[in-house]
Amino acid sequence: MDKPVSDIKLSCRFYQEPGGWERVSLNLSSNGWIKIDRRVVKDELEIEYTVESIDGLEIILSLKSRVGFPNLETFKKLLECLLTDCWYIDIYYCFRNINVESVAKELGLHFNSNEVKRLKLGGSEILVETYPAAGRIIVSHRVGLRDIDCIEKIYSKLFRKILINEVSQH
Amino acid sequence: MSEEYKRSHVFGIDYGTSDFKYGPITIGEIPEVTENRGYFTEKNSIMSKVMGVGKDIVVGKELPLFLESREDVAERLVYPMRNGIVERNDVKAWQVTRELTSYALENFAPSDPDFRGFYVVASLAVVAPRYMYEQLFDIFGELNTERTLVRAATIIPQPLAVAIAHKIPTCVVVESGHGNTQVCPISMYPIRNAVLALNRGGGAANVLTSEILKDTGYGDLAKEEKLVRRVKEQIGLLPRRLEEAVDFARRNPDKVKREIRIEGTRIKIDLGDESWTRFLIGEYVFNPGHEVFQSYFKRGMPRPSDVKIGDTYFYGMTDMAEAIIQAVEKCSIELQPHLFSKIILSGGNFNWNTPRGLEGVAVSSDEKIKIMLKEKGIENIQATVAREPTYSVWRGCIVYGYAVPYDFKWRWERMEGWLNYA
């Protein structure tokens with residue numbers, strides 16, 4: 001099995017008026033991110049602008065980390081920065097090349113089907129989806145400025161399980 | 001059904017001639033990839049009954065487990081597409097296409113009561129005839145018999161998907177996959193009467209790699225297509241100018257020599273003194289008409305031939321720059337400079353890197369195409385290789401599905417919008 005990988009998509013929603021990549025990238029630039037065309041980079045993180053809805057009320061960004069999975073503090077700072085522009089962000093973490101069976105077992109999910117489980121962590125609803133045939137697990141949740149602290153709980157209670165489980169597999 | 005539901009349930013499918021790429025919007029940047037082929041099992045055989053093989057057609061990752069003897073494989077293994085086209089009356093090919101589509105959607109359909117089907121964006125070759133659109137739409141409808149897998153579907157040409165992924169409305173997309181290459185000028189929509197298709201892609205470079213392996217004493221390995229492809233990907237180089245690169249390789253053999261190991265086996269490959277041939281592999285993709293290849297043709301290597309499939313001619317030997325020029329020169333003169341100034345190279349066949357120490361000798365695809373076009377008198381060229389070019393069509397499907405409003409109905413006259421099933 002190849003090294004486990006996680007892709008993160010951030011679906012940023014604006015409140016009532018269109019936002020867009022220009023606004024978001026300008027905000028990130030003023031917080032130390034370097035803009036290169038449709039990307040911004042800072043430390044180990046890189047964000048790529050993917051698409052914007054026609055009404056301009058939502059954009060999708062793709063986040064990559066050179067260190068595998070983003071460090072909690074760095075990630076939280078990024079979200080705080082984005083949430084000065086955005087109303088809320090739907091975050092999708094997709095883990096691939098992982099042993100879905102053992103991770104699903106650890107999380108109390110069946111691994112034989114494409115199961116969807118709703119968990120409550122730090123007051124937020126977390127969706128965990130397992131796709132064994134594709135060897136992927138997708139975790140998603142919504143975050144706003146008021147509940148940003150849920151990220152810590154999700155990291156400590158959920159991702160540690162997924163990532164530590166993986167470490168023990170390799 | 002809401003726009004919000006649609007945005008989180010977009011599903012992209014890229015029907016490549018060789019590789020079939022699929023997955024929903026939520027899976028990040030890399031889709032699932034499986035070969036575009038299906039194996040017809042012999043369900044009535046006693047072994048199939050004993051082993052509990054219940055399927056008529058096997059597709060996807062488990063297919064290799066069902067392969068029997070070579071004679072059976074030739075008869076039962078079906079590759080449905082040729083140069084991106086499925087023949088209208090090829091029943092078996094359409095059965096495979098249906099099975100693969102179902103396989104892709106079932107792989108990611110969540111067992112969740114809130115799931116109401118995917119918004120599927122399929123991508124076909126720009127030369128795909130209308131009947132392929134019709135048959136594919138029929139397949140999407142048929143897949144909903146047991147449960148709703150497809151809420152709505154749309155189909156877009158592959159080069160348009162690439163342009164969408166890059167948000168460039170006026171450009172030339174050169175999409176080169178395993179089997180063929182499509183050169184497609186785009187000005188908001190594909191300019192269909194300017195499209196030029198080549199009957200060669202990554203597969204042609206595999207054929208040459210196989211010949212090189214034979215010549216260097218690895219004839220036994222040259223028959224294994226998958227291994228040849230891996231060798232090509234690891235040793236192939238794209239020369240800035242072939243003569244200069246070969247001269248460099250002969251003067252600096254150590255810089256060009258490379259030994260590769262095939263993971264999980266004891267196989268090691270080293271081209272030794274013939275390492276200069278690494279440059280032939282890349283050159284062949286761009287310019288198979290170079291005189292150096294004559295010796296291979298004379299010894300029996302098949303020359304990429306001109307073929308007509310449906311109403312489309314696929315040219316075999318036209319070099320890549322010439323193909324771009326011919327396509328662009330079919331467009332209005334006012335548009336031509338804009339097209340030359342935005343050329344996007346997409347598809348796995350443009351994945352060429354410059355190894356350390358070979359800078360200036362080996363180049364990437366965009367540099368190569370700029371040099372070739374400049375030599376033919378074209379100025380102000382801007383060419384870029386799509387990021388991870390193998391997946392750019394799939395990414396374009398996702399972007400398109402996300403952007404098109406859920407209530408925008410399919411219109412045959414414009415070939416855009418959603419065809420609703422549920």
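What share of the contacts in chain A with a separation of 6 or more comes from residues 24 or more positions apart? In this predicted model, such residues account for 64% of those contacts.

**View 1. Chain A as a whole, with its four helices and nine strands.** Followed along the sequence, the elements of chain A come in the pattern β-α-β-β-β-β-α-β-α-β-β-β-α. The radius of gyration of chain A is 16 Å, close to the 15 Å that the globule rule gives for 170 residues, so chain A is as compact as a globular protein of that length. Along the principal axes, the C-alpha atoms of chain A fill a box of roughly 45 × 30 × 30 Å, and buried residues make up 35% of the 170 residues in the chain.

**View 2. Strand 6 (residues 88-96) of chain A beside strand 9 (residues 136-143) of chain A, paired in the antiparallel sense.** Strand 6 of chain A is largely enclosed by the rest of the structure, because seven of its nine residues are buried.

**View 3. The open sheet of six strands in chain B, with mixed pairing.** The strands of this sheet lie in the order 3-2-1-7-8-19, and its edges are formed by strand 3 (32-35) and strand 19 (419-420) of chain B, each of which pairs on one side only. Strand 2 (residues 19-24) and strand 3 of chain B run antiparallel and are joined by four bridges, with Tyr22(B) having Glu32(B) in strand 3 as its bridge partner. Helix 16 (residues 392-403) of chain B packs on the sheet, where it touches strand 1 (10-15), strand 2, strand 7 (118-124) and strand 8 (150-157) of chain B, and the direction of the helix makes about 145° with that of strand 1.

**View 4. The open sheet of three strands in chain B, with antiparallel pairing.** The order of the strands here is 5-4-6; strand 5 (57-58) and strand 6 (77-78) of chain B stand at the edges with a single partner strand each, so one side of each is left without a neighbour in the sheet. Two bridges hold the antiparallel pairing of strand 4 (residues 38-40) with strand 6 of chain B, and Gly38(B) stands opposite Val78(B) in strand 6. Helix 4 of chain B lies across strand 4, strand 5 and strand 6 of chain B, running at about 120° to strand 4.

**View 5. The contact between chain B and chain A, in which 16 residues of chain B meet 21 residues of chain A.** On the side of chain B that touches chain A, the elements giving two or more residues are helix 4 (91-108) and helix 16 of chain B, and helix 16 provides the largest share, three residues. The residues on this side of chain B divide into nine nonpolar, four polar and three charged.

**View 6. Helix 6 (residues 158-165) of chain B, a mostly covered helix.** Eight of the eight residues of helix 6 of chain B are buried, among them Gln158(B), Pro159(B) and Leu160(B). Just after this helix, Lys167(B) takes a positive phi of about 55°.

Notes:
Residues numbered from 1 in each chain as written. Chains lettered and ligands numbered in written order. Predicted model: local features only at pLDDT ≥ 70, side-chain atom pairs only at ≥ 80, totals over all residues. Buried ≥ 20, exposed ≤ 12 C-beta atoms within 10 Å, placed from the backbone. Pairing = 2+ DSSP bridges. Rg over C-alpha atoms; globule rule 2.2 N^0.38 Å. Contact = placed C-beta atoms within 7 Å. Axes fitted to C-alpha atoms, helices over the stretch in contact; angles between N-to-C directions. Nonpolar A, V, L, I, M, F, W, Y, C, P; charged D, E, K, R; others polar.
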